[in-house]
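Open the model in your viewer and keep the sequence panel beside it. The stops below say what to select and what is there.

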Amino acid sequence: MGAFDVVVLGGGTAGTHVAAEVAQAGKSVALAEAGLVGGESPYLACLPSQSLLLSAARGESWADAVAQRDAVTGGRSDSAAARRLEQAGVTIIRGTAKVTAPGTVNDELTYADLVIATGSEPVAPPIEGMDGIPAWTTAQGLSSPDLPRRLIVLGGGPAGCELAQIYAAFGSRVTLVEAEERLLPGEPAFAGAILEAALRHAGVEINLGSAAAKAERTGDGLTLALTDGTRIDANRLLLATGRRPRLSGLGLDALGVTVEPGAALPITVTGQVASADGTAAADGHLWAAGDVTGTGHTHIARYQAGIIAANLTGGQREADYSALPRAVFTSPQVVTVGTCPEGAITGRAKLSGTALARASIGGPDSEHGCLELYADPGSGLLAGGAAVGSDAAAWMAEITLAIKARIPVMTLADTVHVFPARAEALEQALGAIQRQIERSVS
């Protein structure tokens, strides 16, 4: 089929960005994709979820929301995305691809550098009876025209919480099941607690601390039994129980790379796949970006793609993972960034109507939220933050930049924010950290 400077396996966010940037820089590039060019994010994940959440906030009907969602996703056609890639000079290969020998894909395609960007796939939990019940993946839940009368959402992570809120808003009787003791178990506890209260207020029934044990098909759907004996009836089950890197069948063993089932590809700061000792594998000509590296976020996939593209086109760029933002676009939004180091100096602020002028505009009970910022006790610099509140993804960008640029807390605390705005909460939290730092050095 031809010889190329770069072959990209996978046409999601990471793969398309690497391919386009490298091709525009003058290198010959081929991209292999068996599914939709553009990946799940624009068709089956981020964009349809955002569209449905916005329609719910506007009070639109389910029919109108579905029509708007399908318009936003282009009817789940990838023709426009494929055309943009081809215009950038990328050769698109429809179908699966496998490394058959070093430097060769599918026995007929040769490359100098190979980029693995095959994304991730949903993981179904080992529940007895799962094969015989009506169940959706998150992608199916975000593309179906159906509105189940009763829906069980299994998994209380970001996707599960968003989907539970979406379907409850349009009239489904939703039960959210999470095996851990709280929602968003990977984030600070207060975030899950506030979101739990918001979802319950929206009509979502929530079962925490008990895993699904058995599913049985019924005349109009299913019954799900939990380990604590609870039984829940529904018309459909939506699985939001996580994803794993899609790496099987790629032939990476031909390059001396072995990955355990379900594991991610380790990479260096330059984006090269790392060997066991941390050095670049396959003589430095094997790269990886996106969900295959364990990121799970579209914006991080795009960031990694930029790193790889720069290094493939003569640049020298390294990734900095100190300030990676994460968001749950529920109402209220949940946004976290960076880390909370051991012994962190913590600044806290409430975003309720009585604590923040912006929130009080809608009345004392119109808004509930909270902000926490974490400073490293050694350097005194911000290391992370978590916020629950309206439009948090917008005003928390300031904290992402502050961590990335290592801006002193004193400078941040002295920054003026417009009034009335939710970003005023940043001043309160930063001021609390600054006072603790000052006390510790006095």
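Start with the open sheet of five strands, whose order is β8-β15-β9-β10-β11, with parallel pairing. Its edge strands are β8 (135-137) and β11 (205-208), each of which pairs on one side only. On average, neighbouring strands of this sheet are turned by 20 degrees against each other, direction ignored. Strands here are DSSP runs of E with at least two residues, helices are runs of H or I with at least four residues, and both are numbered from the N terminus. Two strands pair if DSSP finds at least two bridges between them. Axes are lines fitted to C-alpha atoms, for helices over the stretch in contact, and angles run from 0 to 180 degrees between N-to-C directions.

Before going on, note that this is a predicted model, in which local features need pLDDT of at least 70 and side-chain atom pairs count only at pLDDT 80 or more, while totals for chains, interfaces and linings use all residues. Residues are numbered from 1 along each chain as its sequence is written, and side-chain values use heavy atoms, with hydrogens and water left out.

**The edge of the sheet and its helix**

Select β10 (residues 173-178) together with β11: four bridges join them in the parallel sense. Within this pair, V177 stands opposite N207 in β11. Contact means heavy atoms within 4.5 Å.

Next select α8 (residues 189-201). Its 13 residues should span 18 Å at 1.5 Å a residue, and the end C-alpha atoms are 19 Å apart, which agrees. The expected span is 1.5 Å times one less than the number of residues. Color F190, A191, G192, I194, L195, E196, A198 and L199, which are the buried residues of α8. Buried means under 20% relative accessible area, exposed over 50%, and partly exposed in between, with a 1.4 Å probe and protein chains only. After α8 comes G203, with a positive phi near 100 degrees.

**Strand β6 and its partners**

Move to β6 (residues 109-116), a mostly covered strand with six of its eight residues buried. Which strands pair with β6 in the parallel sense? One is β1 (residues 2-9), over seven bridges; V7 stands opposite L114 in β6. Another is β17 (residues 286-288), joined to β6 by three bridges and running parallel. There, V115 stands opposite W287 in β17.

Strand β5 (residues 104-105) pairs with β6 in the antiparallel sense, over two bridges. V105 stands opposite L109 in β6. The hairpin of β5 and β6 has three residues between the strands, and N106 takes a positive phi near 55 degrees in it.

Select residues 13-24, which form helix α1. How far apart are the end C-alpha atoms of α1? They are 17 Å apart, and this agrees with the 16 Å that 12 residues should span at 1.5 Å a residue. Nine of the 12 residues are buried, so that α1 is mostly covered. The buried ones are T13, A14, G15, T16, V18, A19, A20, V22 and A23. G26 follows α1 and has a positive phi, near 105 degrees.

Now pick T313, in the loop between α9 (298-312) and β18 (325-328). Leaving aside residues up to four places away in sequence, T313 touches V22, A25 and K27. T313 is partly exposed because its relative accessible area is 36%.

**A buried serine**

Select S51, in helix α3 (residues 46-58). Is S51 buried or exposed? At 8% relative accessibility, S51 counts as buried. S51 touches Q68, R69 and V72, again not counting residues up to four places away in sequence.

**Stepping back**

Show the whole protein chain, which has 14 helices and 22 strands. Of its 442 residues, 50% count as buried. The C-alpha atoms fill a box of roughly 70 × 65 × 40 Å along the principal axes. Among contacts with a separation of 6 or more, 64% come from residues 24 or more positions apart.
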